[in-house]
Amino acid sequence: MGRVPNVTRADAQAALRNPLAFIAARWTPDPRTVRRAALAALVMSVVIVVTGGAVRLTGSGLGCPTWPKCTEDSLTTTSEMGLHGVIEFGNRLLTYVLCAAVGWAIIAARSEKPYRRSLTLLGWTQFWIVMGNAVLGGIVVLVGLNPYTVAAHFLLSSALIAVATVMWQRTREGDAEPRPLVGKAVQQLVWFLVAASVLLIAAGTVVTGAGPHAGDSSEVPRMPLDWETVSKLHAVLAWIVVTLTFALWFVLKAVDAPKGPLARTRELFLILLAQGVIGYVQYFTDLPEVLVGAHMFGSCVMWIWVLRVLLSLRERPEPDPRPSAVPAQEPATSASIAGPR
């Protein structure tokens with residue numbers, strides 16, 4: 001084990017002013033570490049959606065009836081609140097795990113050599129989305145699970161998944177200008193696919209807001225819409241996404257596109273088929289909670305793969321896997337880490 005460097009008072013002051021720069025001056029992560037940190041943040045962004053769905057499907061949405069405390073007098077759940085309180089409070093605790101995963105991704109990205117500002121910004125974007133969604137989650141509780149706030153809560157989670165997916169992809173690329181692998185017409189088709197997928201996810205939140213799983217056993221307001229009608233609209237949008245995906249695969253084959261976009265499109269098509277089967281089975285079996293939860297997980301996976309299809313349409317040179325040496329004329333002293341980057 002190497003000698004621990006002396007930390008002067010100036011170093012300590014610099015660390016307090018800019019801890020990320022302090023760490024980056026003393027640690028260079030392996031590229032695989034940065035990729036794994038970004039993947040961990042992505043996985044946790046999906047986990048928090050699934051566990052949030054479990055809160056709603058078990059009727060535990062008001063297990064902690066207030067926010068930020070669990071009750072007026074207790075920060076944590078109490079024995080009198082039973083299982084519902086444990087489930088709701090457990091989901092709140094997972095927010096801290098998500099913050100830790102996002103924080104790890106930010107630290108790893110900030111410490112990578114050479115410094116990649118775009119990667120660090122993606123990490124910070126995730127952090128602020130998490131903070132915003134935590135506040136929105138508190139508002140959801142305070143307004144008694146109003147379905148419109150619940151829908152916004154899910155949509156913001158989908159935005160978090162989008163940013164986490166982009167960051168994960170960017171950790172495996174360089175910072176050169178992207179070079180398109182397909183023509184303009186194919187790119188436009190994929191953007192239509194992305195737009196249709198956004199509409200599909202948004203329609204899914206309306207189905208949830210009008211459906212029977214209100215999130216709590218008490219009288220919770222629902223969206224004043226016919227549930228079967230919005231479910232059929234959701235199904236139509238799903239078929240549009242499936243059709244666009246199949247058309248994209250056919251076009252990519254016709255233009256002899258690289259295997260990357262073809263593989264991602266084929267994977268997306270299979271995911272959509274599985275998601276469609278779950279959707280129809282849950283519809284005709286009166287929405288059993290397990291299948292609804294599986295459908296929510298499938299929605300997250302589908303959204304990730306739609307974005308992976310989009311990101312596969314271009315390439316950037318991969319970064320050099322060998323860590324860059326710290327220039328001899330710029331030692332890791334308090335002077336070199338004092339300023340923020």
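Trainee: Is isoleucine 139 buried, partly exposed or exposed?

Mentor: Start with the scale: buried means under 20% relative accessible area, exposed over 50%, and partly exposed in between (1.4 Å probe, protein chains only). Isoleucine 139 has a relative accessible area of 37%, so the residue is partly exposed. Its place is in helix H5, residues 117-142.

Trainee: What kind of model is this, and how are residues numbered?

Mentor: This is a predicted model, in which local features need pLDDT of at least 70 and side-chain atom pairs count only at pLDDT 80 or more, while totals for chains, interfaces and linings use all residues. Residues are numbered from 1 along each chain as its sequence is written, and side-chain values use heavy atoms, with hydrogens and water left out.

Trainee: How many helices and strands does the protein have?

Mentor: Helices (H or I, at least four residues) and strands (E, at least two) are DSSP runs, numbered from the N terminus. The protein has eleven helices and two strands. Along the sequence the pattern reads α-α-α-α-α-α-β-α-α-α-α-β-α.

Trainee: What share of the protein is buried?

Mentor: Of the 341 residues, 44% are buried. Now take contacts, meaning heavy atoms within 4.5 Å. Among contacts between residues at least 6 apart in sequence, 78% join residues at least 24 apart.

Trainee: Which residues form the nonpolar patch on the surface?

Mentor: Patches are made of residues with over 30% relative accessible area and no salt bridge; like charges are joined within 9 Å, and nonpolar side chains (Val, Leu, Ile, Met, Phe, Trp, Tyr) within 5 Å. Here the nonpolar patch consists of Trp67, Val135, Ile139, Leu142 and Val143. Together they have about 410 Å² of accessible area. Areas come from the Shrake-Rupley method with a 1.4 Å probe; for residues, only the protein chains shown count as cover. For the protein, the accessible surface comes to about 17,800 Å², and 67% of that belongs to carbon and sulfur atoms.

Trainee: How many aromatic pairs does the search find?

Mentor: A pair of aromatic rings is described by the distance of the centres and the angle of the planes. Rings of Phe, Tyr and Trp (its six-membered ring) pair if their centres lie within 6.5 Å; planes under 30 degrees apart count as stacked, over 60 as edge-to-face and the rest as tilted. The whole structure holds eight such pairs. In one, tryptophan 124 and phenylalanine 127 have ring centres 5.5 Å apart and planes at 85°, so the pair is edge-to-face. Both residues lie in helix H5, three residues apart, about one turn of the helix. Tyrosine 283 and phenylalanine 284 also form an edge-to-face pair, at 5.1 Å centre to centre and 85° between the planes. Tyrosine 283 is partly exposed at 24% relative accessibility, whereas phenylalanine 284 is exposed at 61%.

Trainee: Which residues form the aromatic cluster with Tyr283 and Phe284?

Mentor: Trp227 and Tyr280 belong to that one cluster along with Tyr283 and Phe284.

Trainee: Which charged residue sits over the ring of tyrosine 115?

Mentor: The test is geometric: NZ of Lys or CZ of Arg must be within 6 Å of the ring centre and within 35 degrees of the ring normal. Arginine 110 places its charged end over the ring of tyrosine 115, 4.6 Å from the centre. Arginine 308 lies over the face of tryptophan 305, at 4.9 Å from the ring centre.

Trainee: How many salt bridges are counted?

Mentor: Side chains of opposite charge can pair when their charged atoms come close. A salt bridge here is a side-chain nitrogen of Lys or Arg within 4 Å of a carboxyl oxygen of Asp or Glu. The count comes to ten. Aspartate 175 and arginine 170 meet in one, at 2.7 Å from N to O. Aspartate 175 is partly exposed, at 43%; arginine 170 is buried, at 8%.

Trainee: Which residues are linked in the network of salt bridges?

Mentor: The network links Glu112, Arg116, Arg170, Glu173, Asp175, Arg314 and Arg316.
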